[in-house]
Structure formats: C-alpha cells, structure tokens
Amino acid sequence: MQVRSFLVALGATASLAFSGAASAASLSFTGTFSKDDDVQLFNFTVSTTSVVTLVSLSYAGGVNAAGTTIAEGGFDPILTLYSASGAFIDRNDDGGDGDTAGDCPVAASVVTGAEYDTCFQKELGPGSYTVSVQQFDNFHLGDLADGFTYTGQPNFTAKFGCSAGQFCDVSQLITDQDGNPTGGTSFSRTGAWAFDILNVDGGTVVPGPATVWLLATGIAGLVLRSRR
C-alpha cells in the first residue's frame with residue numbers, strides 16, 4: 001500500500017492554527033487500501049494543550065493542508081483517536097454540518113450527495129496520540145489492541161451490493177418508520193484515502209495497513225518512547 005505524507009508549518013496567526021504552541025504543524029497523508037478491512041495508523045505529538053483537528057477529504061474531495069487537490073471517490077472513512085497507551089479517546093464517522101460540539105463541516109459528494117468525510121476537533125494535553133483510519137462500518141471494538149469489527153473480512157462492504165464487490169457505499173439510505181434500514185442506493189467507491197492532522201508538533205505514519213502485529217508493536221513503541 002502506498003502512503004505519502006506532507007508537513008506544513010503554520011505560524012500562530014495562521015487561520016488553521018489554534019491556541020497552543022507558538023508554532024504548529026499540519027500533517028497531510030494520502031494512500032490507498034487494497035481490502036475493505038485495512039486500517040491505517042498515524043502517530044502524532046502535541047507539546048502544549050491544543051485543539052487538534054482530524055479531517056478526511058477523500059470521500060468528497062477537496063484541497064488538503066499541503067495544498068494538494070484530492071479527488072472525490074474514496075470510501076466512507078472513520079477516524080478513531082487513541083492515547084499513547086492505545087486507550088480509546090474519541091471517534092468520528094461523518095463530519096456533518098459543524099453545528100454539533102466538536103464536529104466540523106465537510107463537503108457533500110457530487111456523486112452521492114452524502115457528507116461522509118470525517119472532521120472533528122479535540123482539545124488534547126501534551127503527549128503522544130494515535131489515529132486510525134478505517135472504512136465504514138469497521139468500527140473499533142474498544143481500545144486499539146482490541147481491534148476492529150470486520151478484521152479478517154476483506155470484502156465486508158459487499159453486503160451493500162455495489163458492482164465492484166469491495167469499497168461499496170450506501171447513500172440515500174431508506175428506513176422504515178422505526179428507523180431500521182430497508183434499502184438504499186449503492187455506489188462503487190475506491191480504496192483511496194486522504195487525511196489531515198492540524199495543529200500538532202509532528203507525526204508519523206505507521207507503515208502499511210494495521211494488523212494485530214502492527215497494533216501491538218505500535219503501542220509498545222509509543223510506551224517505550226514515553227518512558228525514554
């Protein structure tokens with residue numbers, strides 16, 4: 001799986017910077033999943049209490065913090081935030097319209113009409129953190145070491161019925177009077193993802209999609225670094 005990352009330094013007066021350190025950074029990452037159950041991990045640090053923004057752009061497209069234009073067409077992403085020890089902190093599925101505390105607005109897809117990119121803001125204290133990017137609805141099962149709902153099921157979105165049989169998306173969901181899904185319109189998407197972490201000191205991408213081994217070694221590395 002190919003992963004590209006970009007680092008953009010932001011001054012304290014820049015529009016994307018929040019209260020915190022005198023200088024902050026924006027991290028931009030892009031890549032492509034090969035299977036529905038792939039999970040990508042990112043480690044980042046903050047030196048002072050800061051409001052950190054986590055945002056994806058690959059579902060509806062847009063321009064990331066590095067100034068790169070991201071094409072529409074990627075899968076419906078989920079972002080999950082963990083502490084340095086791998087303890088669950090928060091997650092976001094759809095960014096929405098920004099009128100809910102912690103959420104920030106995202107663009108609507110011109111293909112599906114859905115606002116399925118992820119965007120949320122969190123005040124974080126000094127330390128190291130991990131973010132996972134995964135496809136809906138491969139939600140976390142607890143802490144990072146507990147894994148994800150569809151681990152080991154590389155074609156789990158085929159249940160949505162798209163022609164590709166992988167990276168399937170259901171938008172315009174139809175529900176009954178009790179709110180239970182009864183149908184909808186399916187779309188074939190791609191494995192592409194694009195993700196920004198804003199107002200942090202620095203970060204790295206954990207190479208390759210997450211496996212049980214990567215989850216364990218990623219947590220161990222963070223714990224060891226904090227001890228040093």
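This is a predicted model: local features need pLDDT of at least 70, side-chain atom pairs count only at pLDDT 80 or more; totals for chains, interfaces and linings use all residues.
View 1. Residues are numbered from 1 along each chain as its sequence is written, and side-chain values use heavy atoms, with hydrogens and water left out. Strands (E, at least two residues) and helices (H or I, at least four) are DSSP runs, numbered from the N terminus. S7 and S10 are antiparallel and share seven bridges; two strands count as paired if DSSP finds at least two bridges between them.

**View 2. Strands S7 and S8 form a hairpin with four residues between them.** S7 covers residues 77-83 and S8 covers residues 88-92. Their pairing is antiparallel, over four bridges. Thr80 has Arg91 in S8 as its bridge partner. In this hairpin, Gly86 has a positive phi near 90°.

**View 3. Five strands make an open sheet in the order S8-S7-S10-S3-S14.** The pairing in this sheet is antiparallel. Strands of a sheet pair through backbone hydrogen bonds, either parallel or antiparallel.

**View 4. The loop between S10 and S11 contains Asp137 and Phe167.** S10 spans 127-135 and S11 spans 168-175. Most residues other than glycine have a negative phi, and most peptide bonds are trans. The peptide bond from Phe136 to Asp137 is cis, with omega near 0°. Phe167, a residue other than glycine, has a positive phi near 55°. Phe167 is buried, with a relative accessible area of 6%; buried means under 20% relative accessible area, exposed over 50%, and partly exposed in between (1.4 Å probe, protein chains only).

**View 5. Asn199 is a residue of strand S13.** This strand runs over residues 192-200. The phi of Asn199 is positive, near 70°, in a residue other than glycine. Asn199 counts as buried because its relative accessible area is 3%.
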